[in-house]
Each structure stands twice: as C-alpha cells, then as structure tokens.
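This report describes how two protein chains meet. Please keep the sequence and the structure in view while reading.

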Amino acid sequence: MMENRRKLSEQELELLSAYIDGQLNDRQARRLEARLHEDLQLKAELDSLRMTVNALRDVSAPRPKRHFMLTPEMVGQREPARFVPVLRFATALAGLAFVALVGLEGLQSLSGAQLAARAPEAMREAEVAQDAIRSAEEPMAAAPAAEEAPEFEALEVPAEEAAEQEPEAMMMEEPEAEELAPTGEDQVMKVTGTPEATEVAGIAAGEEVEGRAMDGGDEDGIDQELGQIEAPEEAPAEGANATFAEESEPATIGRISPLRWLQAIAGALFIILSVLTITFRRWSF
Amino acid sequence: MDETGLIREAKRGDLDSFNRLVLAYEGIAYGVAYRIMGEQQSAEDATQDAFISAYKSLKTFRGGSFRSWLLRIVTNACYDELRKRKRRPASSLDDLSDGGIGFDSEESSGLFTEQQRPEKEVEQGELRKAIERCLDLLPAEYKIVAVLVDVQGFDYKEASEVIQKPLGTVKSRLARARGRLRDCLQDAWELLPGKYRLEDETR
C-alpha cells in the first residue's frame with residue numbers, strides 16, 4: 001500500500017484531513033468521494049492518514065502520579081478564614097456594647113435633668129436645716145462629741161489610768177491616741193459625709209483625745225476643747241449643702257465616671273476589631 | 001455543585017471549590033502537558049504552575065469553555081517552561097524505559113520484561129514509543145493541535161480556543177501534523193495491531 005504513495009499537495013492534505021473529521025460540507029464531501037473512486041493513490045493516502053489518526057487516538061494518555069490540588073501557601077493565601085468569623089462576632093459585640101452604654105448614659109442624663117429641676121426646692125430645705133443648726137444652743141452644738149463619747153470614753157480609760165499610774169505609761173499614750181484619731185475620723189465621716197468636714201472633725205477628735213490623755217481626764221479641758229471645735233462644727237452644715245448639690249448631678253466632678261470609661265473601652269475595642277477584621281479579610285486574598 | 005458554581009465560588013477565593021475543578025481537569029491538563037514537554041517531571045511542574053496561574057487569574061475567565069481556558073494556560077505554561085530551558089523536549093523513550101509514566105497497561109507495572117511480554121503488549125509498547133517519538137519531532141505549533149484533536153479528542157472549535165487561532169489555522173496545522181506523523185510512522189506500520197490493518201483493507 002505504501003509503495004504507491006504520491007506526494008500530496010497542501011490543499012489535498014487538508015481536504016483529506018477534514019474529510020476524516022467530518023468537517024467538509026455535503027457538496028465538498030460528495031466531490032471528494034467521487035475523486036476517491038477514480039484515484040486509487042488518493043484513496044491510499046486517505047487510508048494511511050486515517051490509520052495515523054486511529055493510532056493517535058488509541059494512545060492512552062499518561063496519568064499523573066500525583067494530584068495538583070493547591071494549598072493556601074501555593075497561592076499566597078494565609079489562613080485567616082478560621083478566625084475572621086470570630087473577629088466579626090467580637091466586633092459586633094463591641095459595637096453593641098458601645099451603643100448600649102451610650103444609651104445608658106442618655107437615660108442617666110435624662111434622670112439627672114429631672115433631679116436638677118427639683119434642686120431649688122432641695123436647696124431651700126437645706127437652708128432651713130442649716131438655720132436650725134445655727135439656732136441650736138451650745139449643748140446641741142456639742143452633740144457630735146457626745147455621739148463620739150462611748151468610744152472615746154472606752155478609750156479614755158487606759159489613758160486616765162496611765163496618767164494616774166507611772167510616767168513610763170505616759171510614753172505609751174501618744175501612739176495610742178494617734179491610733180484613736182482615725183476611729184474618731186470614721187465616726188465624723190458618718191455624721192458629715194463631706195471630706196472637708198471629715199478632715200476638720202477628724203483633727204478635732206484627734207486633738208480631743210490627745211488633750212484628754214495629756215490632761216489626765218480634766219473635764220474643763222474637755223469643755224474647752226468642745227468650745228474650740230464649735231466653730232468648725234458649722235462646716236458639716238455647709239458641707240452637707242455642697243454634698244447634696246454634687247449628688248444631684250450624675251457626673252462626678254474632678255474625675256471621669258465609670259460609664260464613660262466603659263464607653264471609651266467599648267469604642268476603642270470596636271475600632272480595633274473592625275480594623276483587624278478588614279485587614280485579615282484582605283490578607284487572605 | 002456544578003462547574004459554574006465551583007468557578008463562582010473559586011472566584012470568591014474558595015480554594016476548596018477550585019481544587020474540585022483541579023481534580024476534574026488534572027488528568028487532561030497533565031496529558032496535554034506531558035505531550036508538549038515530553039517527560040514526566042517537566043509535565044508535572046508545568047501542570048502545577050498552570051493551576052496556580054489559573055487560580056490567580058480566575059477573575060479573567062468570562063465564561064465559555066473552562067476546559068479550553070484552562071488548557072490554554074497549560075500550553076502557555078509549557079511553552080514558557082520550554083523557553084526557559086531553551087532546549088527541545090526530552091524524548092519520552094527514556095521515560096518509558098524507566099517506567100516513569102503512569103500508563104494503564106501492565107507495561108509500567110514491571111510484571112514483564114521486554115522478552116517475556118506477550119506479543120500484543122510488545123506491539124502496543126513499540127507503537128506507543130514510535131508515536132511519541134514522532135510527536136516529539138513535530139514543531140510545537142503542529143504538535144499542540146495534533147495532541148488536542150487526535151490524542152485528547154477536542155473538536156476544532158475547542159482547539160482554536162485553546163491556541164487562540166482561527167478554525168482555518170487549526171485545520172491546516174492539523175493536516176500538516178497528520179501528514180508528518182504518517183511519514184514518521186511509515187516504518188512502524190507493520191507494528192500496528194490487526195484492527196488498524198483490517199480497517200485499512202476494508203476501505
């Protein structure tokens with residue numbers, strides 16, 4: 001078969017190749033088939049080409065020995081996908097917390113405004129109370145000292161005994177009196193409720209105990225001391241007014257309220273988490 | 001999920017969806033790469049590079065035949081690799097003798113020596129070697145068309161999409177490739193299995 005081959009033109013070769021694949025239209029196919037009946041050499045060329053095509057189609061394709069699946073590292077993808085949802089959730093939580101805290105502050109402001117509206121009335125009541133304190137007589141002015149009496153009397157006992165006994169014991173009195181001063185201060189704080197009054201009263205109470213210890217329980221000395229602290233005793237009344245005025249406003253003067261701190265923390269968290277979420281989402285692609 | 005859905009998810013960055021496409025097409029991609037490169041290791045490298053490129057440029061896929069689009073990337077990766085090496089593709093005869101190709105037949109299993117194999121197996125092996133040698137001798141532009149149409153079974157339109165040339169170019173290149181292959185295989189015709197000779201005689 002191969003011996004009778006003749007050299008085909010490019011056009012004939014394309015025609016035969018297309019005929020094998022059924023790419024000729026009906027007219028072209030009929031004309032070629034008519035030629036093939038007459039031209040045996042052309043028929044032999046067609047057969048040899050067809051054999052070649054059949055042989056190529058029967059060649060089994062090689063199979064790869066491995067898979068070619070991609071890993072995140074191959075395509076420059078890191079692995080943020082697992083914790084990005086967690087970041088999103090945390091961001092949403094921080095945002096919600098911030099909104100809730102701002103809303104809470106709004107509610108507090110509203111209630112504060114209502115209290116402020118009632119403030120003048122409260123101020124008048126305070127003035128009345130102050131007048132009553134001023135018009136009170138001296139024994140009344142000594143009332144805080146009387147209230148302190150039980151504890152101080154109990155404390156006076158070792159001081160008086162020490163004064164009657166030996167001079168060495170006197171050396172022990174001063175530290176003991178110093179220790180008593182804070183106790184007196186605590187009690188005064190309960191009465192007045194303001195720092196200024198507490199300080200004054202605390203000093204007065206400390207001096208009183210010290211004075212008593214030094215005087216060895218002299219009643220005149222006590223009266224004198226009480227007379228000295230009469231003037232500072234007015235401070236709690238003024239301090240009470242100031243304290244009331246402060247308590248009528250929610251925001252504490254001189255420091256940031258805890259609510260504001262929480263708002264700041266929630267807001268900062270929201271911003272940081274948002275930035276992290278966006279960053280890691282972009283990082284993954 | 002169908003191919004369109006997998007492509008859509010892969011475009012959004014879902015690597016698992018893209019890997020399902022890889023599993024579906026890695027056989028044909030490697031087959032084409034192997035025919036172009038002529039040996040296993042280069043074909044594997046080119047195939048892997050092609051899938052990486054395909055994933056990174058997936059957003060440029062605007063529909064149509066994904067297989068054609070992917071094989072275009074595979075052929076480009078192969079030609080890039082060949083250009084880098086600045087050498088002809090190695091003959092696959094060495095690979096065959098080393099058992100380096102994963103053919104289906106027992107040939108690669110090492111069960112038979114050349115002398116022990118049945119006559120038909122020897123014929124098949126010899127014919128395959130001859131065909132691959134002749135394919136390697138073809139110019140690259142002819143070889144890719146012959147591989148796509150005659151080995152992988154693509155139609156002319158798909159082949160034209162892969163090589164990005166008109167249909168007429170595919171037809172003429174295919175005809176020339178077949179003519180050269182026929183001439184190259186002239187000495188191997190006697191090794192053809194009976195069915196080819198029978199077909200020849202019946203026409």
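Across the interface of chain A and chain B, 5 salt bridges are found. The model is a predicted one, and its salt bridges over all chains number 17. Two of the bridges named for this structure are set out below.

| Residue pair | N to O distance |
|---|---|
| Glu45(A) and Arg182(B) | 2.2 Å |
| Arg176(B) and Glu10(A) | 2.8 Å |

In the salt bridge between Arg176(B) and Glu10(A), the arginine belongs to helix H9 of chain B and the glutamate to helix H1 of chain A, so this pair joins two chains. Between chain A and chain B there are also 12 residue pairs in polar contact, with both residues at pLDDT 80 or more.

The extent of the interface can be described in two ways. Three residues, Leu56(A), Pro62(A) and Phe68(A), supply 16% of the area that chain A buries against chain B, which is more than any other three residues supply.

The axes of H3(A) and H7(B) come within 8 Å of each other and cross at roughly 80 degrees. Because angles of 65 to 115 degrees count as roughly perpendicular, H3(A) is roughly perpendicular to H7(B). In this contact, Val53(A), Leu56(A) and Arg57(A) of H3(A) meet Val149(B), Asp150(B) and Val151(B) of H7(B). The residues involved are 4 nonpolar and 2 charged, with no polar residue.

Helix H7 (residues 140-151) of chain B also has a partner within chain B, namely helix H9 (residues 167-184); their axes come within 8 Å and cross at roughly 95 degrees. H7(B) is therefore roughly perpendicular to H9(B). On the side of H7(B), the contact is made by Glu141(B), Tyr142(B), Val145(B), Ala146(B), Val149(B) and Asp150(B). On the side of H9(B), the residues are Val170(B), Arg173(B), Leu174(B), Arg176(B), Ala177(B), Arg178(B), Arg180(B) and Leu181(B). How do the residues of this contact divide, and how many are charged? There are 8 nonpolar and 6 charged residues, and no polar ones.

Technical notes:
Residues numbered from 1 in each chain as written. Chains lettered and ligands numbered in written order. Predicted model: local features only at pLDDT ≥ 70, side-chain atom pairs only at ≥ 80, totals over all residues. Heavy atoms only, no water. Axes fitted to C-alpha atoms, helices over the stretch in contact; angles between N-to-C directions. Helix = DSSP H or I, 4+ residues; strand = E, 2+ residues; numbered from the N terminus. Parallel < 35°, antiparallel > 145°, perpendicular 65-115°, else oblique. Contact = heavy atoms within 4.5 Å. Nonpolar A, V, L, I, M, F, W, Y, C, P; charged D, E, K, R; others polar. Buried area = accessible area lost by both parts, 1.4 Å probe. Salt bridge = Lys/Arg side-chain N within 4 Å of Asp/Glu carboxyl O. Polar contact = N/O pair within 3.5 Å; in protein donor to acceptor, adjacent residues only side chain to side chain.
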